[in-house]
Amino acid sequence: MTTPHKDIFGKPIGHPVENWTGCALPPRNDMIGSHVIVSPLDVARDATQLFDANSEVPDGSRFVYLPTGPFADFTAYKAWLDGMNANNDPMLHTIIDKASNMAVGVAAFMRMDPNNGVIEIGNINYAPALSKTIGGTEAMYLMMKRAFDELGYRRYEWKCDDQNAPSRAAATRYGFTYEGTFRNHMVYKGRNRDTAWFSVIVEEWPAVKAAFEAWLAPDNFDETGKQRKRLEDFRR
């Protein structure tokens, strides 16, 4: 709990947020890194590549914890992308591998509350070509950097099914703090979801950012691309 301030009656209150005017919504332009480009979804450009990339694991297991999917065919997948593209929130982005120039994943800014400076990262779906790669981590860094550094958000959220151990581990690895679990939070795919909540707040961002940048530095990887130090190690 943060240290309280006192009002004129001596009652504890939250600390002042001076000159707060809110944030802008994220712009629809590219975030460019060394390994990936995070680009607002372009269905005509991305749909076939994303469907093919996901088809590398055809059993549908990569959609277990997502609210939609798996998709029976390209037509169904494209229809989902078209529906997502019609929304301002979620704002779906395609992750493009710079080496191959291929679309290999998606992630969205969502539940955006610019008046209070709160934004969530969600709808994350990495194809096998992006999973457990430097680019996969860089994509998360680029989106967080946009929220905090470019737009001035105060809180960046990550939520997942409490049973989704890989997602919980990813949130922790990226520097999010676990805040608790909302029991019976929603029903999806005919089952209950208890939702685990994580966040990074603006006061924590400098340390989280420094760790990302140290981990992403070329000298943190050997000639085979193996990391020398883990991302978590740079926050200790």
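This short talk walks through the sheet, the pocket and the cavities of the structure shown above.

Please keep in mind that this is a predicted model, in which local features need pLDDT of at least 70 and side-chain atom pairs count only at pLDDT 80 or more, while totals for chains, interfaces and linings use all residues. Residues are numbered from 1 along each chain as its sequence is written, and side-chain values use heavy atoms, with hydrogens and water left out.

Let me begin with the annotation, which comes from an unreviewed UniProt entry and reads "domain: N-acetyltransferase" over residues 36-194; UniProt positions are given in the numbering used here, feature names are shortened, and such annotations may be inferred rather than shown by experiment. Over residues 36-194 the chain is 32% helix and 35% strand, with 32 Å between the end C-alpha atoms. Helices (H or I, at least four residues) and strands (E, at least two) are DSSP runs, numbered from the N terminus.

Now to the sheet, which is open, has eight strands in the order 3-4-5-6-7-8-10-9, and shows mixed pairing. Strand 3 (31-32) and strand 9 (177-188) each have a single partner strand and stand at the edges, so one side of each is left without a neighbour in the sheet. Two strands are said to pair if DSSP finds at least two bridges between them.

The lining of the largest pocket divides into 24 nonpolar, 13 polar and eight charged residues. On a 1 Å grid over the protein atoms alone, a pocket is an open set of points with protein on both sides within 12 Å along at least five of seven lines, a cavity is a set where a 1.4 Å probe fits but cannot get out, and lining residues have an atom within 4 Å of a point.

Finally, the cavities: a search of the whole structure finds two of 30 Å³ or more, where a volume is the space filled by probe spheres set on the grid points, joined across faces, edges and corners. The largest cavity holds about 50 Å³ of space, and its lining includes Phe63, Trp80 and Asn123. By class, the lining of the largest cavity has four nonpolar, three polar and no charged residues. The second largest cavity holds about 30 Å³, and helix 2 (74-85) and strand 5 each supply at least two residues of its lining.

How values were computed
Ala, Val, Leu, Ile, Met, Phe, Trp, Tyr, Cys and Pro count as nonpolar, Asp, Glu, Lys and Arg as charged, and the others, Gly among them, as polar.
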